[in-house]
Amino acid sequence: MADFGIAAGQFVAVVWDKSTSAESLKGLVDELQALTGSEGRVSVENIDQLLQSAHKESSFDVILSGVIPGSATLHSAEILAEMARILRPGGCLFLKEPVETAVVNNGAVKTASRLCSALTLSGLVEVRELQRASLSAEEKQSVQEHLGHHSDSLLAVQITGRKPNFEVGSSSQLKLSVAKKSAPSVKPAVDPAAVKLWTLSANDMEDEGTDLIDSDELLDPEDLKKPDPASLRAPTCGEGKKRKACKNCTCGLAEELEREKSGGQMSSQPKSACGNCYLGDAFRCAGCPYLGLPAFKPGEQVLLSTSSLHDD
C-alpha cells in the first residue's frame, strides 16, 4: 500500500467492476481506512455507476481503479475524464488494466501506449507506466469471462497520472511588464559595394558594357496599331431591329444615339429666312410657318404641326 503514497487525512476512491472479488475489495478498503485514519475517507464506486455518481469536482486525493488482484477492468475515455474531474488538483490516479503487446484492429483491449495517451487526453500530467507483468491464471480467466477476449499476448500494466495544480476553468491574471521605450534605432551601415550594385548613373547610360533594355522593343507591331472603335463594342451593342445602348454603356453607342437624336430634332425645325420669326406675326413673312403662333425667344424650340410645314 505504500506504493500508492496514501497518508492520513486523505480522501481515497476505490473503483471496482464485476470482475472484482468481494473479499479482496473488502480487504483493500480495510487497509485504506487504517492508513487514512478518522480524518480521511474511503469511498467505493462501481465503474459502471461512476458517471451517474453525485461526486463534486475535486473530491478525492487518490483514486485506485482495477488494482485489486483478479480484476480485468477496462477504462473508457469517458471514465478517465470523470476520474480526472473528481480528482483534486495535485491528486493522483493509479489504475491497472490488461493490455495487448501488439496493435489489434477494432479491439476493446488497448496497448500500453494507447492507454497512456488516453490518460493524457483526459487532462492528467506526468503519466507514466509503473509496472508491467504477465497475467495470472485468475486474471486470464477473468478477461475471458468478463471481456470475451482471447489472446496469448496480454499483459497487465499499472499506470499513474497526476492532475495539474489547478482546476478546470480556473483563471489567473497575467503580469505584463510594460517595456520602456528604447532609444531611437540606428540605421545599419550600408555596404558601399551593395549601393553601387543597385545605382545607375548617367555614365552607365553611355557605357557600352552596360546591358540596357529599350522599353519600345518590348512592344510588338500589333501593340502600336490603333484599335477599331467598332471592335471595342460589346457583342450585343446595337443588335436587333432597334438600336439601343446598354446600361452604363462604355463603347460610345449611347453618345452616338444621343447625337443622332439631337441632330434629327434640329433638322426638323424650319430655318428662318428673315430672322424675325420669333418677334410675332407683325414681323413675319407671308409664307412663314410660324404664322398664328405667339412670339418666342430666340433658340426656343417650337413644335409645328405637319400641315404648317407644307403649302396649301
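1. **Basis.** This is a predicted model, in which local features need pLDDT of at least 70, side-chain atom pairs count only at pLDDT 80 or more, and totals for chains, interfaces and linings use all residues. Residues are numbered from 1 along each chain as its sequence is written, and side-chain values use heavy atoms, with hydrogens and water left out.

2. Six strands form an open sheet in the order 2-1-3-4-6-5. The pairing is mixed. Strand 2 (41-46) and strand 5 (125-134) are the edge strands, and each pairs on one side only. On average, neighbouring strands are turned by 15 degrees against each other, direction ignored. Helices (H or I, at least four residues) and strands (E, at least two) are DSSP runs, numbered from the N terminus. Two strands pair if DSSP finds at least two bridges between them. Angles run from 0 to 180 degrees between N-to-C directions, with axes fitted as lines to C-alpha atoms, for helices over the stretch in contact.

3. **Strand 6 and its partners.** Strand 4 (residues 87-100) pairs with strand 6 (residues 154-162) in the antiparallel sense, over 9 bridges. Val 99 has Leu 155 of strand 6 as its bridge partner. Lys 96 stands opposite Gln 158 in strand 6. Strand 5 also pairs with strand 6 in the antiparallel sense, over 7 bridges. There, the bridge partner of Val 125 is Arg 162 in strand 6.

4. **Burial of strand 6.** Why does strand 6 count as largely enclosed by the rest of the structure? Because 9 of its 9 residues are buried. Buried means under 20% relative accessible area, exposed over 50%, and partly exposed in between (1.4 Å probe, protein chains only). Leu 154, Ala 156, Gln 158, Thr 160 and Arg 162 point one way from strand 6. Leu 155, Val 157, Ile 159 and Gly 161 point the other way.

5. Contact means heavy atoms within 4.5 Å. The buried residues of helix 2 are Ile 79, Leu 80, Glu 82, Met 83, Ala 84 and Ile 86. Their cover includes strand 1, strand 3, strand 4 and helix 3 (112-121).

6. **Ile 63.** Ile 63 is found in strand 3. At 0% relative accessibility, Ile 63 is buried. Not counting residues up to four places away in sequence, Ile 63 touches Ala 13, Val 15, Met 83, Ile 86, Leu 87, Cys 92, Leu 93 and Phe 94. Ile 63 and Cys 92 are 29 residues apart in sequence, and 6.6 Å apart in space, C-alpha to C-alpha.

7. **Ser 19.** Ser 19 sits in the loop between strand 1 and helix 1. Is Ser 19 buried or exposed? Ser 19 is buried, with a relative accessible area of 10%. Its side chain makes a polar contact of 2.8 Å with the side chain of Asp 17. A polar atom of the Ser 19 side chain also lies 2.9 Å from the backbone nitrogen of Ala 72. A polar contact is a pair of N or O atoms within 3.5 Å; within protein, one must be able to donate a hydrogen and the other to accept it, and residues adjacent in sequence count only if both atoms are side-chain atoms. Beyond four places in sequence, Ser 19 touches Gly 70, Ser 71, Ala 72, Ser 142 and His 146.

8. **Positive phi.** Ser 58 has a positive phi of about 55 degrees although it is not a glycine. Ser 58 lies in the loop between strand 2 and strand 3. At 22% relative accessibility, Ser 58 is partly exposed. Glu 126, also not a glycine, has a positive phi of about 55 degrees. Glu 126 lies in strand 5 and is exposed, at 51% relative accessible area.

9. **A lining to inspect.** Among the residues lining the second largest pocket are Phe 4, Ser 24, Leu 28, Lys 96 and Gln 158. Helix 1, strand 5 and strand 6 each supply at least two lining residues. Strand 6 gives the largest share, 3 residues. On a 1 Å grid over the protein atoms alone, a pocket is an open set of points where a 1.4 Å probe fits, with protein on both sides within 12 Å along at least five of seven lines; lining residues have an atom within 4 Å of a point.
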